[in-house]
Amino acid sequence: MSRDRTLPILGAVLLAVVLAGPLLPQWALFLVTIAIAKGLVALGLMLLLRAGLVSFGQALYYCIGAYTAGSVGRFFNISDMLVQMLAGAAIAALVAFVLGFLLARYRGIFFGLLSLALSMILYGLLVKNEALGSTDGFNVLPSTVLGIRPTEEWVRYVVAVAGCGVALLATALVYRYLRTPLGRLAPAIKDNEIRVEYMGTSVRNAIHIMYVIAAALSGIGGALAATTVGHIDPDMAYWTTSGEFIFITILAGTGSVVAPFLGAAIFGIIHTVAFDLSPNTWQMSLGTALLLLIVFLPEGLWSLFTRRKAA
Amino acid sequence: MAVVLDARDLNKHFGAITAAVNINAAIEQDSVVGLIGTNGAGKTTFINMITGYIKPDTGSIVYRGRDITALSPREITRIGICRSFQIPQLYASLTVFEHMMMGLGVVLRNAGMGGFFSRGRPNVPGHDAPAEEAAERILERFGLSDYRDRNAQVLPGGVRKLLDIALTMASKPTILLLDEPTSGVSAEEKFGMMDMVMAAVKAEGATVLFVEHDMEVVSRFAQRVLAFYDGRIIADAAPEIALTDPEVKRYVVGGELHRMDEQQGRAHA
């Protein structure tokens, strides 16, 4: 990555969505928006993965973001998707800040399973909660943006553009964060925590901050998915949803902040095609794809762009 | 000269094992102190207590008039007491240059600079230069410039040792603790390496404590020797006096031979 074109790429993606959007069919816009939403979650997972942490429960914050977006509409009658995404990020970050005191103490399999357990607790709570629709969930208000209520045929386009804009803004902030001393610290934490402490900084504190950022990103993603799909249910916190995010993160690789979105898009395509070809065995196709990827591109898709000569 | 670090009546036991008994040592500013003793004599325990990794059972450590006994390793690093490791503690996936940037980045962050909203390239406190330049300068002092873009994983042993020490210099130590800086380095290279390290450290103006088994290295570089045996300091004097002390000769200097006997005995058992 000698020449860094990340920010121009982000701008080009937004421009592409804005310009190509009106030409795309509704289902394609839907796929793009969902890919952006899941890409945000994967971006958060990537931050953690850089420090050697795998969260098997990131769906916790995805679901919190979605339910926050839904609840803002259901209880306060706010349908503005920008407000919903902001609220989703804020609530997810708040929960992560509290849980972070516990999770930042753990590494490896303990961190992974503890995060999984927490997401399953949320799943259990939602299933039992009648006010939030129990296992059926509830519908999210039709999206509006800055007071504009788009017509039926334009709503997907507006949601895609607004979601893309917010996601790219968030990604640009993450890009900036990764260039601060704190952001750069992640690989060092992965390699040698003791030395990081002996350089004079707190590993636990650094992980806690990363964890909160990852949760906020997932919260935005969840809110965007909620307003895109128009319906939320407790499955958004289920462990298979978390598994999907890990799949996307591994598919993408940790090479760039753009990678998770590419990974999410490819995942969406594989998923859709596989489901179309064989509705009953689509998981098998996904599994095969992941297997091939791990064998041939262990550093993820992004390594195709950054083939560096071996050190 | 002013006392910069003062260890007072340090005691430490690990179960039945005695690691430190009534350790008293006042370290003067800008001095170079050699710590000698057989394996298990208490040298590394002493270093670990100073850097906060191990807490003494009783006693206190005072740094410039401040009791630092209860501080954590990272707090102690921040106030200027840094250490290197017998086995280099590096970041396997990072290059030599990235190591330095990592260390300097932490210094920036601890000073409240280089944060999310800061712009430009601020000077790193203590280095009077932006991080990139400070990193290049330290690497040059340690003769590591040629390895700048090499991954830590593929570096030769001696270079790893040097990088481990160079990384501590990013934190601008006032006291530098070197745990066996020449272990694993060939006999011919030892003196050259110590010359380079001492020159680099003195250029940064730090007080040095180093653990060393090679008595020639000790007598050449140390101004003062602390000889450890069984958790006690049995001699505290200039090298020419300490190294000829009968007790030191018996327990420490002659210990090399003694230890080899022991290891052979174990191998036969």
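Me: How far apart do the C-alpha centres of domain 1 of chain B and domain 2 of chain B lie?

Reply: A word on conventions comes before the answer. This is a predicted model, in which local features need pLDDT of at least 70, side-chain atom pairs count only at pLDDT 80 or more, and totals for chains, interfaces and linings use all residues. Residues are numbered from 1 along each chain as its sequence is written, while chains are lettered from A and ligands numbered from 1 in the order in which they are written. Domain bounds come from an automatic or database domain assignment. For chain B that assignment gives domain 1 (1-80 + 173-269) and domain 2 (90-171). The C-alpha centres of these two domains of chain B lie 26 Å apart.

Me: How many residues of domain 1 of chain B are in contact with domain 2 of chain B?

Reply: Two residues are in contact if their C-beta atoms, placed from the backbone, lie within 7 Å. By that rule, 15 residues of domain 1 of chain B are in contact with 12 residues of domain 2 of chain B. Helices (H or I, at least four residues) and strands (E, at least two) are DSSP runs, numbered from the N terminus. On the domain 1 side of chain B, at least two residues each come from α2, β9 (175-178) and α6 (187-204). The largest share, 7 residues, is that of α6(B).

Me: Which classes of residue make up that side of domain 1 of chain B?

Reply: Ala, Val, Leu, Ile, Met, Phe, Trp, Tyr, Cys and Pro count as nonpolar, Asp, Glu, Lys and Arg as charged, and the others, Gly among them, as polar. The side of domain 1 of chain B that touches domain 2 of chain B has 10 nonpolar, 2 polar and 3 charged residues.

Me: How many residues of chain B are in contact with chain A?

Reply: The size of an interface is often given as the accessible area lost when the parts come together. Here the description rests on residue contacts: 25 residues of chain B are in contact with 20 residues of chain A. On the chain B side, α2 (73-78) and α3 (96-110) are the elements that give two or more residues. The largest share of that side, 7 residues, comes from α3(B). By class, the chain B side has 10 nonpolar, 10 polar and 5 charged residues.

Me: Where is B:Gly42 found, and which residues does B:Gly42 touch?

Reply: B:Gly42 is in the loop between β3 (32-36) and α1 of chain B. Its 25 C-beta neighbours inside 10 Å make B:Gly42 buried. Not counting residues up to four places away in sequence, B:Gly42 touches B:Ala19, B:Ala20, B:Gly37, B:Phe228 and B:Gly231. B:Gly42 and B:Arg232 are 190 residues apart in sequence, yet 7.4 Å apart in space, C-alpha to C-alpha.

Me: How many residues of helix α1 of chain B are buried?

Reply: Helix α1(B) (residues 43-50) is mostly covered, with 8 of its 8 residues buried. Among them are B:Phe46, B:Ile47 and B:Met49. Just after α1(B), B:Gly52 takes a positive phi of about 85°.

Me: What phi does B:Asn22 have, and what phi does B:Asp128 have?

Reply: B:Asn22 has a positive phi of about 45° although it is not a glycine. B:Asn22 lies in strand β2 (residues 17-28) of chain B and is partly exposed, with 13 other C-beta atoms within 10 Å. B:Asp128, also not a glycine, has a positive phi of about 50°. B:Asp128 is placed in the loop between β7 (123-124) and β8 (129-130) of chain B and is exposed, with 9 other C-beta atoms within 10 Å.

Conventions
Buried ≥ 20, exposed ≤ 12 C-beta atoms within 10 Å, placed from the backbone.
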